[in-house]
Amino acid sequence: MNRLRKKTAVIGCGWFGSAHCRVYSSISDLVAVCDVDDKKAKKLSEEYRANWYTDPVEMFEKENVDAVSVVVPPEHIPRVTKVAAEYGVDVLMEKPLGTRLDDVKNLMKYTKKVRIMPGFIELFNPMLDVLVENLENIGDTLIVSTKRIGLMPRRHWQIGVILDLAFHDLYVLDRLFGDVRGFHVTASYIHDDKFEDYAIIILEFKNGIKGLIEANWLTPFKERKIRVYGSKGTLEGDFITQEIRLLLGLEKNLKFFNREISYKPIRTIEPLKIELEKFLYEEEDIVTLEDGIRILELALNICKKAYETKKAMPET
């Protein structure tokens, strides 16, 4: 059954905006790109044969757009999303959706006429589906830990590592284990007095499961992993390679043994492509704006607590 290819646009022509353009060009008709930096906009427009703009309003006035990705610095995402929604265009808001909760909450009034979907890309990682399918094999889940490490980004978004990297693991753990009833956080502020470079977050879920998130952008290599500890074994997942390791504890003749089962994809599937296809063509939202608001509120509260703890610490 042939589906009507939608007309798409991308606002924000940085490295991730260019990734959105690449995917849109293969699954839709990419008609326009937009960035305040005309050089970035021109470069992508030439690469993908799309029209370019520096003003979203002008773009929506001149182009017939069905859906748009907003991939701009976080503080500007709500404002640009509002412009698109007022023109009746569906929006994928890249994480962390914004830096002020009220700005994002105010977008709820548009959700009855347009789709506004948070860009929670890891929820579309095929590895996560395999992990969920195997959770019952490790018995009762006790603890879950994640590690998200990478170099400090070469940009100035006025956010720290919690809103940038740890944000992914907050929405993943929320999806896997439900609402968070409490948290503890410790963070370090090395390169900036206001925005944390390293954070350890301990989450307490309503079902009694404990979560540990470790995020930093000080270590010079990239790691994106999750490990779930259960009463019968553990599950390890790698968001980058999409590999899974299932480690089971087995008892035989009063002796304990470990059994390992590995799942490695024949070929990896790009989560961004899965996400954007579902954003454009699925009837039901896998991720809603309400989901995004809940995670953003939690993340902002964690940031606030980390900073309050920092200020309360005596200087050495």
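Q: Which helix gives the most to the lining of the largest cavity?
A: Helix 7, with three residues. This is a predicted model, where local features need pLDDT of at least 70, side-chain atom pairs count only at pLDDT 80 or more, and totals for chains, interfaces and linings use all residues. Residues are numbered from 1 along each chain as its sequence is written, and side-chain values use heavy atoms, with hydrogens and water left out.

Q: How are helices and strands set here?
A: They are DSSP runs numbered from the N terminus: helices are H or I with at least four residues, strands are E with at least two.

Q: Back to the cavity. Which residues line it?
A: F120, L123, Y171, D174, R175, V287, D291 and R294. Helix 7 and helix 9 (289–312) each supply at least two residues of that lining. By class, the lining has four nonpolar, no polar and four charged residues. Nonpolar covers Ala, Val, Leu, Ile, Met, Phe, Trp, Tyr, Cys and Pro; charged covers Asp, Glu, Lys and Arg; the others, Gly among them, are polar.

Q: What volume does the largest cavity have?
A: About 30 Å³. A search of the whole structure finds one cavity of 30 Å³ or more.

Q: What counts as a cavity, and what as a pocket?
A: Both come from a 1 Å grid over the protein atoms alone. In a cavity, a 1.4 Å probe fits at the points but cannot get out. A pocket is an open set with protein on both sides within 12 Å along at least five of seven lines. Lining residues have an atom within 4 Å of a point. Grid points are joined across faces, edges and corners, and a volume is the space filled by probe spheres set on the points.

Q: OK, pockets. How much space lies in the largest pocket?
A: About 1600 Å³. Its lining has 50 residues, and W15, F16, R155, W157 and D164 lie nearest the centre.

Q: Which helix has the largest share of that lining?
A: Helix 1 (15–27), with four residues. Helix 1, helix 4 (77–86), helix 7 (161–177) and helix 8 (271–281) each supply at least two. The lining of the largest pocket divides into 25 nonpolar, 11 polar and 14 charged residues.

Q: Where is W157?
A: In the loop between strand 7 and helix 7.

Q: What is W157 in contact with?
A: V72, P73 and P74, leaving aside neighbours within four places in sequence. Contact means heavy atoms within 4.5 Å. W157 and H76 are 81 residues apart in sequence and 9.9 Å apart in space, C-alpha to C-alpha.

Q: And the second largest pocket, how much space?
A: About 340 Å³. It is lined by 19 residues, with K225, I226, R227, E236 and G237 closest to its centre. The lining divides into four nonpolar, five polar and 10 charged residues.

Q: What does strand 11 pair with?
A: Strand 11 (residues 223–230) runs antiparallel to strand 7 (residues 141–149), joined by eight bridges. I143 has Y229 as its bridge partner. Strand 11 also pairs with strand 12 (residues 233–238), antiparallel, over five bridges. There V228 stands opposite L235. Two strands pair if DSSP finds at least two bridges between them.

Q: How many residues sit between strand 11 and strand 12?
A: Two, and the strands form a hairpin.
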